[in-house]
Amino acid sequence: MMPSRLLADWKVNMTEGVTAVSRSVYDLHMTIFIICVVIGILVFGVMFYSIFMHRKSRGVKPHPFHESTIVEILWTTIPLLILVGMAIPATKTLIDIYDTDEAEIDIKITGYQWKWQYEYLGEGVSFFSNLKTTPEQIYNVRNKDPNYLLEVDEPLVLPAGKKIRFLVTAADVIHSWWVPSFAVKRDAIPGFINEAWTNVERPGIYRGQCAELCGKDHGFMPIVVDVRSPDDYEDWLSEKKTLAAKERELTSKNWTMAELMERGKNTYERVCAACHQVNGEGMPPLFPALKGSKMAVEKDQVKAHIDIVVNGKKGTAMQAFAAQLSEVDLAAVITYERNAWGNNTGDLVTPKQILEYKNTGEYKATDAEASGGSAAVSKPAVNGPNTNTHQAGL
């Protein structure tokens, strides 16, 4: 007898959500649930009444009939009418869920093992959203925060009161982008684009997770959506555009070894350490060591080192980072791997070299390397865009 809105507060029940679609889904859920409860009460009521009132101990004799045309018609017609009555609100809700027309903002969502990339189409803004929970919490060295495994370094930012269309895909395996408060859940499938939309009515922080088993760190790719007022959103977007422009300008800067090592260390610990460990010793044989490895210490392996970081390696867990990291971060992390943990090769890979490699498929040694006998080496072109698709935010 409680109002349906109060039932949403039950821990075992669905949440009502913060969008018109999520409320429609919740109301549909409660409608179907009530219909099922009524059917259950009637069916089991008749069954229990028959069992009790016609039991053998009362001397009741069973009625010797085999079929009834009236009963056959009733138990066919009544369920049919019930299903039609349930289909009408369900169809209306489904039509609303798939109506992505007239969206004001388009955002491409790409699932990676194990992070999300958000690209604001037409705005020149793109960034990755990674798990922020510290390893100390994961391994029970320190107490867990209230939002354990549900914090990210870069949330998806949306404006309140505007229709947002999501274009959901994946770069490696099947993922699923799911935010319960929005009633949005779409599979991210490599080679396919699935559409979804939302219009969040009030600002706030909303959380979700990948809902498709996608590998060993499936539980470590949360979703955090920061919904802001339209004015705050415009300020944030303007700031991101400025940072993206500055990030692109950094490619032409003349970087020092110290600057690349500092940035490379941050990039490595955020992106590479999960597989190759912070100390570079890896987890052989699946994730080889970088400390003291042939590729990371021998002079003639610089080109191969760049190639595997940029293009990845098919048949292994090594991803292609050409579209995931900027030229600056690619150069920094390669420089760091060639000089950290006692490798100390003195090799400095510049963002200009990475950009040249991505644009032309060639690795050109610096003047210092060339004077030592290294020549330009032709390499296959990168599979992907020749521009920096990973903007500011890392």
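**Exercise 1: the largest pocket**

Identify the helix that gives the most to the lining of the largest pocket, then describe that pocket.

Solution. Step 1: the helix is helix 6, with eight residues in the lining. Helices (H or I, at least four residues) and strands (E, at least two) are DSSP runs, numbered from the N terminus. The model is predicted, so to speak of local features requires pLDDT of at least 70 and side-chain atom pairs count only at pLDDT 80 or more, while totals for chains, interfaces and linings use all residues. Residues are numbered from 1 along each chain as its sequence is written, and side-chain values use heavy atoms, with hydrogens and water left out.

Step 2: the volume of the largest pocket is about 1,500 Å³. Its lining has 46 residues, and Val271, Cys272, Ala273, Ala274 and Cys275 are the closest to the pocket centre. Two or more lining residues come from each of helix 4 (135-138), helix 6 (257-276), helix 7 (294-297), helix 8 (302-311) and helix 9 (327-339). A pocket is an open set of points on a 1 Å grid over the protein atoms alone, where a 1.4 Å probe fits, with protein on both sides within 12 Å along at least five of seven lines; lining residues have an atom within 4 Å of a point. Points are joined across faces, edges and corners, and the volume is the space filled by probe spheres set on them.

Step 3: by class, the lining holds 27 nonpolar, ten polar and nine charged residues. Ala, Val, Leu, Ile, Met, Phe, Trp, Tyr, Cys and Pro count as nonpolar, Asp, Glu, Lys and Arg as charged, and the others, Gly among them, as polar.

**Exercise 2: strand 4**

State which way the residues of strand 4 point, and find the residue opposite Leu156.

Solution. Step 1: in strand 4 (residues 156-159), Leu156 and Leu158 point one way, Val157 and Pro159 the other, and all are buried (under 20% relative accessible area; exposed is over 50%, partly exposed in between; 1.4 Å probe, protein chains only). In a regular strand the side chains alternate between the two faces of the sheet.

Step 2: strand 4 pairs with strand 10 (residues 222-228) in the parallel sense over four bridges, where pairing takes at least two DSSP bridges. Leu156 stands opposite Val225 in strand 10.

**Exercise 3: positive phi**

Are Glu102 and Leu149 buried or exposed?

Solution. Step 1: Glu102, in the loop between helix 3 (69-97) and strand 1, has phi near 60°. Glu102 is exposed because its relative accessibility is 75%.

Step 2: Leu149, in the loop between helix 4 and strand 4, has phi near 65°. Leu149 is buried because its relative accessible area is 15%.
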